[in-house]
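Subject: Structure handover

Hello,

The structure we spoke about is below. My notes on what was found follow it.

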Amino acid sequence: MQYREPIITLGRVLAAEQRGGCKDQATAQGLDHFLADWQAAHGEALAEPAVRSALELLTDYRAQTLSARYTHIQRAITGLRALFRPAQQPTPSAALALEHEVAPRADAPSPPHTTQQADASPPPPKTRTRKPKTRTSAAPLDPKPAFDLELSDGLERVPGLSRTDINAFKRLGLRTVEDLLYHFPHRYDDFSQQQGIAHLVVGSSVTIVGEITDVQLRGGPRPRVEVVVSDESGSIKAVYFNQPWLMKQLTVGRMITLSGKVSTFNGLRQLTSPAWEPYMPDVESLHTGRLVPVHPLTKGLIERNARAAIKLVVDAVTPKVPDYLPAAVRTRRNLLPLGSALAQIHYPADAAQMQRARERLGFDEFLFIQLGVVQRKLLWQGELGYQLRFMPELHAELQQQLPFSLTAAQRRSLDEIFGDMAHPKPMARLLQGDVGSGKTVVAAAALLQAIGNGFQGALMAPTEILAEQHYKGLKQLLGRVAVPRSAAQASDENAWQAELDPEEAARLAEIKAILGMSEADDMEGKGVRVALLTGSLGARERRRVLEGIAKGDIDLVVGTHALITESVRFHALGLVVVDEQHRFGVEQRQRLRDKGFNPHLLVMTATPIPRTLTMTIYGDLDTSLLDELPPGRQAIRTRWVRKRERDKAYRHVRREVEKGRQVFVICPLVEESETLDLPSAEEMYEQLQGTIFPDLRVTLLHGRMLPREKDEVMVAFRERQYDILVATSVIEVGIDIPNASTIIIEGAERFGLAQLHQFRGRVGRGQHQSYCILISDKDDNEATKQRLEAMEASTDGFKLAEIDLNLRGPGEFFGTRQSGTPDLKIAGLTDTRLLHAAREEAVAILEADLQLAQAEHALLRQKVEAFWAEAAKAG
Ligand code: ADP
Ligand code: MG
C-alpha cells in the first residue's frame with residue numbers, strides 16, 4: 001500500500017481523539033487544522049477511497065455535535081483500518097481469553113471477566129462461538145455459580161480454578177474460600193498511572209493504552225511475538241517469548257492496555273512480557289492499569305490465575321462476610337467494615353483505600369493479640385494472691401548493706417513492685433533495663449520483702465554460670481540482713497530456735513553447712529538463707545536442699561530451668577524472679593506459677609525491646625523501666641575495624657593487660673569452617689596463645705563444653721587467673737566481670753544489633769574505661785554497615801533495638817522466633833498508634849466481658865481462639 005506512514009499517523013490521531021472523548025483535544029490546534037495540514041502534505045493519498053471518505057466525514061469537525069463526531073470518527077477509523085487488513089478480522093472473544101477461561105454462563109451476572117466488546121473495531125462478521133476449552137482442567141469443577149460461594153467452601157467450588165491451581169494453593173496451606181480471602185498480596189505493582197508512550201522512563205512500572213500497529217512472530221530457539229503499540233505520543237515494542245498463540249490475540253488495530261516495567265534492548269525502550277488486557281474503558285481491569293496485587297505464589301501457580309481466582313472469591317464473598325468487630329469499636333476507631341477491608345486489601349481502588357484496609361486488618365491482628373494477653377493477665381490477676389506488707393525497716397537495712405545508693409530509676413521501679421506486692425492479687429511485672437542498669441539489686445530488694453513477710457523467693461537464671469553468680473551475690477548481700485522467719489514468730493525472734501527438737505536442729509545445721517553458712521553469716525539464724533539448686537549438686541546435698549525448700553528452712557532458691565522442670569516443692573513460694581526472660585517461654589512461666597500457689601512474678605530482661613514488641617510478647621505483664629545507668633559509668637568506646645587492622649587491636653589489648661585489665665575475644669564459630677572466612681574460637685585461641693600473646697594467659701570457652709567445664713573457666717577468669725578469654729556466643733548474657741575492660745568481636749557482621757549490644761555489655765561494668773572492637777570486612781553489605789555504624793554511634797540499647805527492628809524485621813529480631821509469638825501479616829510492629837488503640841479496645845471489651853461470653857462477642861471469641869491456636873502451632 002502506498003502512503004502507509006501518513007495514513008497510520010492519521011489513524012493514530014483519530015484514535016487519540018476518540019479516546020479523549022471527541023473533545024477536539026488530540027492535537028494542539030484542533031482537528032480541522034491538523035486535517036488541513038495533513039491533506040496539504042499528503043494530498044495524493046486521497047486516491048484511497050477510505051482516506052477520502054475519512055476526510056469528508058470529518059469536514060468542519062469543530063462544528064459537529066458530539067454524537068456526530070463519535071459516529072464519524074468511528075467510521076473513519078474503521079475504513080482506514082480496513083486498508084491494513086482487508087481480509088482479516090480480529091475476534092474479540094479470542095483476544096479476551098485469559099490463560100484459563102471461564103465458560104460464560106447465561107445465569108451469571110457479569111463476573112469480572114465475561115466477554116465484552118473489546119475495542120473500537122467493528123464487530124466481526126462472525127464471532128467464534130465460545131465453548132469451554134478442551135482442557136478439562138480449565139473448566140469449572142462445580143456447577144455452583146460464583147456468587148453462591150461460602151467462606152467454608154473448598155477451593156473446588158471456585159469456578160475457573162484448575163486442579164493444578166487448587167493443588168498449588170494447597171501447598172500454600174490454602175484450602176477454603178476463606179483461606180484464599182486471607183491470602184493477602186505481599187505487594188502491589190502500581191500501574192495506576194497511565195502514561196503517554198513517548199514519556200515512558202526506563203526502569204519505571206507503567207501502564208499504557210495504545211493501538212497495536214504491528215505484530216511479528218520471530219522464530220529461533222525461543223520464538224517471540226513482537227508487538228508494536230502506539231498512542232498519539234509514540235510507539236513501543238512489547239516482546240513475549242514462547243507464546244506464539246498471542247499472534248491470534250494481539251492483532252493489528254486492536255486497542256490494548258499494557259502494564260509492565262520499561263526496559264531497554266539495543267538502546268531502545270521495550271516492555272518484556274507486560275501484562276495485557278483488551279482496552280475496555282468501562283470494565284474494571286484486573287491485571288493492568290491499577291494497583292495490581294501480587295500474591296505470594298508457589299510453583300505451579302500462575303499469578304494471573306491466582307489473581308483472577310482471588311478476585312472472583314473477593315467479589316463473591318466480601319459483601320456477606322460477617323464482621324466480628326463490635327460496631328461501637330468500628331465507629332470509635334473509624335475503621336472500614338471487614339468486607340470492604342478484605343476487598344480493598346486485594347483490589348484497592350487507590351492507595352488511600354489500601355491504607356484504610358491495612359489499618360482495619362492490622363488493627364484486628366493487634367486486637368486479637370491484645371485480647372489474648374490482656375485476658376490472660378486479667379484471669380491471673382483475678383485469682384487471689386498474697387498481700388505482702390511493705391516493711392520499710394527491712395528495706396532500709398538492705399540499703400545500709402549496699403556500697404552505693406539506689407538510682408532514681410531503681411527506686412521508682414521498686415515503688416511499683418512494692419505497690420503490686422501489697423495488693424492481694426499476683427504481680428505480673430516486667431523489669432526492663434539495659435545491661436548494667438542494676439536489675440539484680442532491684443530483684444534482691446523485692447525478694448527480701450517477700451521473705452520478710454514469711455514467704456520464700458525463687459530466682460531463675462538461664463545458665464548455671466549466671467545462677468551461680470546471682471547466688472553468690474545474693475548470699476553475700478541478703479545473708480547479712482536479718483529477717484523474721486515468719487510473721488507469727490516475728491515478735492519473738494529467738495523463740496523458734498528454742499522450740500526446735502534436736503533432730504530438727506541437726507537438720508537445720510546440716511542445711512546451713514550445705515549452704516556454706518558460717519556462724520557469723522547466719523546472724524544467729526536471722527540472716528536470709530540462700531540456696532543454689534543446679535545440676536552440679538551432689539545427690540545427698542541435693543536431697544537436703546529440696547527438703548529444706550519444702551520445709552521452709554531455705555528462704556531463697558537460685559537456679560536454672562531446673563527449678564520448674566523438676567519436682568521442687570516449696571513451703572510457701574511468694575515471689576518468683578525470672579532473669580533474662582527471653583529464654584523462657586510463656587508456658588514455662590505458667591508452669592512456675594503453678595508450682596507456688598499464686599506467687600508474685602517479676603520478669604527481668606536486658607534485651608531492650610521496642611515498646612510495641614513488649615506489648616505483644618510481654619503484653620500480659622506490667623512494665624517497669626530502668627532507664628538510667630548507675631552514676632560514674634564511662635561510656636564504652638566502640639570501634640569498627642577491618643581484619644588487616646587486627647594488629648592495632650592487639651596492641652591495645654596488650655596495653656590494657658599491662659594495666660591489669662582483662663579482655664574478651666568473641667568468635668562466632670567453635671571450630672574451623674571450610675566455607676567461611678572466619679577464625680573459629682579454637683583457631684583464635686591457638687593463634688593468640690601460640691603466636692601473638694605467648695607471654696599472656698589465654699583461655700577458651702565454647703558451647704560444646706560441659707556446664708561444669710564452662711563454669712570452671714568462668715570462675716578462673718573471674719578470679720583473674722587469665723588475661724584473655726576467647727569465647728563463642730555462650731558468653732552472651734549477664735556475666736559480671738568488672739575488671740574486664742575490652743571486648744573484641746570477630747565476624748561482627750554475623751551478629752544482630754541486639755546481640756552485639758549484649759556482648760558489649762560484658763565490659764564497662766566497673767570503673768575502668770572500656771572498649772568494644774568490632775572486626776569485620778563486610779563493608780559492601782549495606783545492612784551490615786548500618787548495624788556496625790549504629791554500634792559505633794550509640795550505646796543506648798533501646799535506640800539500637802529500634803534500629804535493629806527496622807533493619808531486620810520483627811521475625812528475626814531475636815535471631816529465633818519467640819515461642820508462642822503470633823505472626824503478623826499486616827500490622828507493622830513499629831505502628832505504635834494502632835497497637836495502643838487495639839490495647840485500649842481490648843481492655844474495654846474484656847472489662848465488660850472477660851470471657852467474651854456475650855452473644856455480641858461470639859464471633860470475635862472464635863476469631864481470637866483461632867488466632868492463638870494458629871500462633872501456638874507456628875511457635
Ligand atoms: P544488670 O541490670 O545488667 O543485671 P547488674 O544488676 O548486674 O546489672 O548491675 C551491674 C553493676 O552495677 C553491678 O556491679 C552492681 O553492683 C552495680 N550497681 C547496681 N546498682 C547500682 C547503683 N545504684 N549505683 C552504683 N552501682 C550499682
Ligand atoms: Mg543481670
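Ligand 1 is surrounded by 16 residues, the closest being Q410, G436, K439, T440 and R633; a residue is near a molecule if one of its heavy atoms lies within 4 Å of it. This is a predicted model, in which local features need pLDDT of at least 70, side-chain atom pairs count only at pLDDT 80 or more, and totals for chains, interfaces and linings use all residues. Residues are numbered from 1 along each chain as its sequence is written, chains are lettered from A and ligands numbered from 1 in the order in which they are written, and side-chain values use heavy atoms, with hydrogens and water left out.

By class, the shell holds four nonpolar, seven polar and five charged residues (Ala, Val, Leu, Ile, Met, Phe, Trp, Tyr, Cys and Pro are nonpolar; Asp, Glu, Lys and Arg charged; the others, Gly among them, polar).

Polar contacts with the ligand (pairs of N or O atoms within 3.5 Å) include polar backbone atoms of G436, 2.6 Å from a ligand oxygen, and of S437, at 3.4 Å from a ligand oxygen. R765 places a polar side-chain atom 3.1 Å from an oxygen atom of ligand 1. The protein buries 81% of the 570 Å² that ligand 1 exposes when taken alone (Shrake-Rupley method, 1.4 Å probe).

On to the strands (DSSP runs of E, at least two residues, numbered from the N terminus; two strands pair if DSSP finds at least two bridges between them). β3 (residues 224–230) and β4 (residues 235–241) are antiparallel, with seven bridges, and form a hairpin with four residues between them. V229 has I236 in β4 as its bridge partner. β4 also runs parallel to β6 (residues 268–272), joined by three bridges, with A238 opposite L271 in β6.

Regards

Technical notes
A polar contact is a pair of N or O atoms within 3.5 Å; within protein, one must be able to donate a hydrogen and the other to accept it, and residues adjacent in sequence count only if both atoms are side-chain atoms.
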